[in-house]
Amino acid sequence: MSIQGFNDRVSTQGLRVYRATDFSVSNGANLGDPIGDATDLMLDDVYTVAPDARRWRLSMTAADGLSHLNITDGSQLGTVGANVHLDCCATFMAPDGTIVEALVLVEVERGTEYIAAAYLLPLGDLRFKTDYALVNVDTKTQRARFAGLACVSFSRGTRITLATGEQRRIEDMKVGDRVLTRDNGVQEVRWLGQQTVRATGDQAPIIIAKGALNNARELRLSPNQRIFVYQREDVLKAGRAEVVVKADLLVNGDTIQRGSGGFIDYFQILFDNHEFIFAEGIATESLIVDTRTGPALPREVQERLGMGHHTINRPDPFEMTEAMMHGSVASDILNRARRI
């Protein structure tokens with residue numbers, strides 16, 4: 001059996017963005033103007049982050065291969081139901097030569113083509129009191145860059161449990177390897193992807209220390225990677241035994257931290273269906289191909305997937321949201337849940 005096509009579910013994602021007014025031109029042709037859509041941007045304009053700037057959660061659903069993005073309930077910015085356009089990918093350079101890429105997202109007024117608001121989604125860290133010169137505006141790759149943020153990934157060195165019980169490093173795996181899954185026995189790997197990105201901003205890994213979640217070794221995951229939790233007693237107050245939670249919601253500044261700095265090698269693993277596999281002993285999800293992640297895949301993989309449906313072949317576990325978690329003690333609560 002070969003992989004067949006995209007899951008047609010609608011993907012929801014919470015993005016940490018700046019308001020456009022928090023990133024304005026401090027020197028250049030558009031002096032004083034906030035970041036805007038590609039038609040208004042001028043190369044060599046210098047931008048700075050406002051002293052009181054903060055990042056807000058912009059919650060959106062993605063459908064039809066990212067051709068439609070809509071703001072959803074729970075978003076801290078924007079109008080629920082409004083359309084959002086992935087406008088461009090802008091590249092900035094700091095005085096020390098550091099490069100930071102950022103996606104510009106434009107909210108459109110309902111029933112019109114007028115811009116209601118613009119948001120900046122940095123793909124790296126923007127520093128205060130730093131000048132950022134605009135050096136490139138790309139209106140062709142923004143969908144793929146946006147999709148890449150949702151691709152769940154394991155870092156180099158992560159050991160995956162095979163059908164034989166062998167613990168094999170993700171970078172040593174190959175198509176056809178037989179992997180133990182939590183729900184569907186042994187499944188063969190159909191595709192493996194790799195990318196090297198700056199380990200900053202929304203691409204920075206979540207570092208789970210050895211033993212934090214009963215894991216045998218330190219585990220580094222992409223922020224969107226979901227971890228499976230089975231609780232014999234409902235200590236998470238979820239109303240059910242099986243739940244999943246994104247790695248970035250577990251950060252407590254101690255045993256689970258957000259890494260930052262340098263570069264990181266991320267690896268994606270794909271099966272016939274969406275699975276939970278064992279990484280350093282923790283049940284974590286494989287890549288699911290849906291409306292959000294599909295555009296991030298190589299063209300030849302997209303063409304092969306376009307023939308059918310890549311599916312979730314079990315009831316999707318209940319997902320703990322940010323509002324349900326208790327912030328700094330989230331990982332402690334989860335650890336208790338796993339031990340009961």
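User: Which residues of the largest nonpolar core touch the most other members?

Analyst: First, the basis: this is a predicted model, in which local features need pLDDT of at least 70, side-chain atom pairs count only at pLDDT 80 or more, and totals for chains, interfaces and linings use all residues. Residues are numbered from 1 along each chain as its sequence is written, and side-chain values use heavy atoms, with hydrogens and water left out. In soluble globular proteins, nonpolar side chains tend to be buried together. A nonpolar core is a set of buried Ala, Val, Leu, Ile, Met, Phe, Trp, Tyr and Cys residues joined through side-chain atoms within 4.5 Å. Buried means under 20% relative accessible area, exposed means over 50%, and partly exposed lies in between (1.4 Å probe, protein chains only). Here the largest core has 25 residues, and Phe 154, Ile 160, Met 173, Val 179, Ile 208 and Ile 269 touch the most other members.

User: Which strands each supply at least two residues of this core?

Analyst: Strands (E, at least two residues) are DSSP runs, numbered from the N terminus. Strand 16 (206-208), strand 17 (219-221), strand 21 (263-270) and strand 23 (276-279) each supply at least two residues. There is also a second, separate core of 23 residues, which includes Tyr 18, Phe 23, Ala 102 and Leu 120.

User: What does Ile 208 touch, leaving out residues up to four places away in sequence?

Analyst: Contact means heavy atoms within 4.5 Å. With those neighbours left out, Ile 208 touches Leu 213, Asn 215, Arg 217, Glu 218, Leu 219, Leu 221, Ile 227, Thr 255 and Ile 256. Ile 208 is found in strand 16 and counts as buried because its relative accessibility is 0%. For Val 179, the contacts beyond four places in sequence include Ile 160, Met 173, Val 186, Phe 271 and Ile 277.

User: Is Gln 268 buried or exposed?

Analyst: Gln 268 counts as buried, because its relative accessibility is 6%. Gln 268 lies in strand 21. The feature to read next is the polar contact, a pair of N or O atoms within 3.5 Å; within protein, one must be able to donate a hydrogen and the other to accept it, and residues adjacent in sequence count only if both atoms are side-chain atoms. The side chain of Gln 268 makes such contacts with the side chains of Ser 153 (3.0 Å) and Gln 195 (3.4 Å).

User: Why does Ala 116 count as partly exposed?

Analyst: Its relative accessibility is 43%, so Ala 116 falls in the partly exposed class. Ala 116 is placed in strand 8 (residues 115-122). Not counting residues up to four places away in sequence, Ala 116 touches Glu 107, Val 108 and Glu 109.

User: How many aromatic pairs does the structure hold?

Analyst: Rings of Phe, Tyr and Trp (its six-membered ring) pair if their centres lie within 6.5 Å; planes under 30 degrees apart count as stacked, over 60 as edge-to-face and the rest as tilted. The structure holds 5 such pairs. The pair of Phe 23 and Tyr 132 is tilted, because the ring centres are 6.4 Å apart and the planes stand at 50°. This pair links distant parts of the chain, with Phe 23 in strand 2 (residues 23-27) and Tyr 132 in strand 9 (residues 132-138), 109 residues apart. Tyr 47 and Phe 92 form an edge-to-face pair, at 5.6 Å centre to centre and 75° between the planes. Both Tyr 47 and Phe 92 are buried. Phe 23, Tyr 47, Phe 92 and Tyr 132 form one aromatic cluster.

User: Which charged end sits over the ring of Trp 56 at 3.7 Å from its centre?

Analyst: A charge sits over a ring if NZ of Lys or CZ of Arg is within 6 Å of the ring centre and within 35 degrees of the ring normal. The charged end in question belongs to Arg 54. Arg 19 also lies over the face of Trp 56, at 4.6 Å from the ring centre.

Methods: Helices (H or I, at least four residues) and strands (E, at least two) are DSSP runs, numbered from the N terminus.
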